[in-house]
Amino acid sequence: MAYDKFTILKSSVVPLPIENVDTDQIIPARFLKATERKGFGDNLFRDWRYNQDNSPKADFVLNDPKYSGKILVGGKNFGSGSSREHAAWAVYDYGFRCVVSSFFADIFKNNCLNIGVLPVQVSESFLAAIFDAVEADPSTELIVDLHNQTITIGATSSSESFDINAYKKGNMTNGFDDIDYLLNIQDTIRDFAANTPL
Amino acid sequence: MKKTLFDKVWDSHVVQQVQDGPDILFIDRHMVHEVTSPVAFLGLKNRDIPVLYPARTFATADHNTPTLNQHLPVADPLSANQLKTLEDNATKHGISYWGLGHEKNGIVHVVGPEYGITLPGATIVCGDSHTSTHGAFGAIAFGIGTSEVEMVLSTQCIMQSKPKSMRININGALGKGVTPKDVALYIISRLTTSGATGYFVEYAGNVFTEMSMEGRMTVCNLSIEMGARGGMIAPDHKTFDYIQGREFTPKDKDWDKAMGYWNTLHTDNGANFDKEFHFNANEIEPMITYGTNPGMGMGITQGIPNANAVEGGESTYKKSLAYMGYNEGENMIGKPIDFVFLGSCTNGRIEDFRAFAEIIKGHKKADNVTAWLVPGSHKVLNAIKEEGILDELHEAGFELREPGCSACLAMNDDKIPAGKYAVSTSNRNFEGRQGPGSRTLLASPIVAAAAAITGKVTDPRTLL
């Protein structure tokens, strides 16, 4: 489905300075039983966010009123594990439009791009600078500029550029998805299929 | 130009290259299950478009199916609804559906090879990261998200940037009690869970050529656990012997035509890999994990590493050990355990049950252990019965359950309770993976068997 266009995002952030945040933490398997894409944000980071009696865990960042915003900043190797797009849906449904980390797992990154959440990969040092800035002042804003492919820490104006391929960038900017593209070349696909050995 | 095995399969499936963008990759075979498909089918409905090639898609129910009393209606209404939704979608679109009770039902990555859906040189995808399993046959197989499931249903293609290439070579003789699972856990412990992110792996060396097809499946299955998009092994006579005559493999002239293609499927001498590793088989011990990702594994006789000796953040490492209730420097041998899980797309095949039975024969299940033995499919279940393994299990005090993903991801009732330790033959030891608060030790079927009869972590070599 088509999604929101992404151009420039200026927002405070939610910091999660933990490495190897896996998809089972982002959304545990027991919450994957829906047949529609609805309500996954309620269970984002479920077992880090709530006790088993469903009371909120006060020390988890999503329960800390100091932190809010549309940008989630995670430690290295964010989104490892399962291919469940539900993880990206949960991130989106909670209200995030951008995830920043120094390294992303492949499938999670693709899933984000396919639903209009921008994964921004930064250097280790820039990631550390973001965490430091946010720790010093939780209202610190990041400015993510997709057109210019830059991410800037508002308080210090420290900035870094990030990579995204031109095709995906176009999709994000215009709110297009891959299926629109593929449906337009169906004849080419049919010709190809007619000549495959398997 | 010299090409890798991966290059040959990938390049022959590129329909079109998008300028400054991904490749449009044709998908030969697509597998779907109940959890990651409903929203994709909903997408087709919203766009009012059909499935382009229904005969290229196969559906099975596995992730949230119960493993007891499968003849009864599924008790959990959400699971029941998801299963019904898959059945309705498959029926509506003319897709083969192997639901609960069907003789071909089982875990998607177990039944795919069993029925010849999995073929050398094919592109195979499924909304499940362990789709990498099928790389054992020399296929490019990888997990995709639901948006991509929708793409494959509607256009038989997905858009993917070509990953970089990596070759992992292991030569030499494997020691006593060292199984394909140990080989895979060893590699992941050396590369870490992100060591192969961005790469597609080819496994090479005598260790893999000498491995059975099922062993190769176990290794390729775990490719995703080091971050790789997938892993593959060049097809050989074992591969062709395995697939020939199965229901969905090409027959007669089609077989000959396919063999013409399959015989080209090897990495050319001198082909270039972006990254290459060499390990010695004799360095590998029976493995066990002690932490909360599959890279936190070690030889079973080793001590848990100190935080300052591991790569990555100390606080994340300490958080992980705290979750497990373990300390730096401790030895795993003798650690008490509560559960044993034999099964999953990693180790739920007949050879895994044979290996487990070999260890427990003549012993009794330890009283402090609850054991869940879950075959990967009905075909595996039937073989367990026919080969007399079920009798051996019963004599030792074990029960067998019905096929499914089960406690690997605990979507059904098979949940390890909070704080309890499970030695599991599955693929992930993430926090809460096997149930909220559960603690998982990943290991081979024989390490699981040794734990099941001794009630604690035990070096299986002492029982061989």
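## A salt bridge in chain B

Asp459(B) is buried, at a relative accessible area of 11%; buried means under 20%, exposed over 50% and partly exposed in between, with a 1.4 Å probe and protein chains only. Its partner in a salt bridge is Arg461(B), with the closest N and O atoms 2.9 Å apart. A salt bridge here is a side-chain nitrogen of Lys or Arg within 4 Å of a carboxyl oxygen of Asp or Glu. Arg461(B) is partly exposed, at 23% relative accessibility.

## Basis of the model

This is a predicted model, in which local features need pLDDT of at least 70 and side-chain atom pairs count only at pLDDT 80 or more, while totals for chains, interfaces and linings use all residues. Residues are numbered from 1 along each chain as its sequence is written, chains are lettered from A and ligands numbered from 1 in the order in which they are written, and side-chain values use heavy atoms, with hydrogens and water left out.

## Other salt bridges

Over all chains, the count is 32 salt bridges. One of them joins Arg190(B) and Glu283(B), at 3.6 Å from N to O. Arg190(B) lies in helix H6 (residues 180–191) of chain B and Glu283(B) in the loop between strands S12 (275–280) and S13 (287–289) of chain B, so the pair ties together parts that are 93 residues apart in sequence. Helices (H or I, at least four residues) and strands (E, at least two) are DSSP runs, numbered from the N terminus. Both residues are partly exposed: Arg190(B) has a relative accessible area of 47%, and Glu283(B) one of 38%.

In chain A, the side chains of Asp64(A) and Lys66(A) form a salt bridge at 3.3 Å, N to O.

## Interface of chains A and B

The contact (heavy atoms within 4.5 Å) involves 57 residues from chain A and 78 residues from chain B. The two chains bury about 5400 Å² between them, 60% of it on carbon and sulfur atoms; buried area is the accessible area (1.4 Å probe) that two parts lose on being put together, summed over both. On the chain A side, Lys33(A), Thr35(A) and Leu198(A) lose the most area to chain B, together 15% of what that side buries.

Four salt bridges are found across this interface. Arg433(B) pairs with Asp24(A) in a salt bridge, the closest N and O atoms being 3.0 Å apart. A network of salt bridges links Asp177(A), Asp180(A), Arg47(B) and Glu150(B).
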